[in-house]
Amino acid sequence: MGKFQVYLKKFSDSLFGSYSQIFFSNNKWFAGLLILSTFLDPYTGFSGLLAILITLISARLFGLSPVSIKSGYYSFNSLLVGLMMGHYYSFSLEFFVILSFISLLTLFITAWLDSQLSKSGLPFLSLPFMLAVWVVLLSIRNFGTISLNERGIFTINEM
């Protein structure tokens, strides 16, 4: 097996792990169904996938635990943040910049909470997601170039 194939296998394991971790599962078939379901709204699915990519690459660059990266332990909160961003906001250059920063912030919060709470044997669960969402919701209204999407307003018209 070549070096690229090994890297691709690790990446796919991490990707599927990120999706399945949302429901405390390690099943790849279940993760595949979750991936498909997020792409029912392509903007939401793409945003979540991009958030995972940013998080996985960053986690590897920062030298975080390969086992936790592979299982999706560090990236499932970023996935949730990416899904939220893609669902509520319209795509623009500024959107992708903020998505990149919020994905990194979620990774940092996740790693920090993991190190702090694991001393007491407590899981961090979705606390990083909640903190990151509050950062987004409280700060994004100061950006005039980012707007709420209007895709779901007239769902019947879109169908």
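1. A salt bridge here is a side-chain nitrogen of Lys or Arg within 4 Å of a carboxyl oxygen of Asp or Glu. With that rule, K28 and D13 form a salt bridge, their closest N and O atoms being 2.5 Å apart. K28 sits in helix α2 (residues 28–38) and D13 in helix α1, so this pair ties together parts that are 15 residues apart in sequence. Helices are DSSP runs (H or I, at least four residues), numbered from the N terminus.

2. A word on the basis of these points. This is a predicted model, in which local features need pLDDT of at least 70 and side-chain atom pairs count only at pLDDT 80 or more, while totals for chains, interfaces and linings use all residues. Residues are numbered from 1 along each chain as its sequence is written, and side-chain values use heavy atoms, with hydrogens and water left out.

3. Back to D13, which also forms a salt bridge with K9, with 3.1 Å between the closest N and O atoms. Both residues lie in helix α1 (residues 3–21), 4 residues apart, or about one turn of the helix.

4. Through shared partners, the salt bridges join K9, D13, K28 and K70 into one network. The count by this rule comes to 3 salt bridges.

5. Is D13 buried or exposed? D13 is buried, with a relative accessible area of 9%; buried means under 20%, exposed over 50%, and partly exposed in between (1.4 Å probe, protein chains only). The lysines are worth checking too: K9 is partly exposed at 42% relative accessibility, K28 is partly exposed at 41%, and K70 is partly exposed with a relative accessible area of 45%.

6. Please also have a look at helix α7 (residues 127–139), where L137 has its place. M130, W134, L137 and L138 make a nonpolar surface patch of about 400 Å². Patch residues have over 30% relative accessible area and no salt bridge, with nonpolar side chains (Val, Leu, Ile, Met, Phe, Trp, Tyr) joined within 5 Å and like charges within 9 Å. Accessible areas come from the Shrake-Rupley method with a 1.4 Å probe. L137 itself is partly exposed, at 37% relative accessible area.

Methods: Helices (H or I, at least four residues) and strands (E, at least two) are DSSP runs, numbered from the N terminus.
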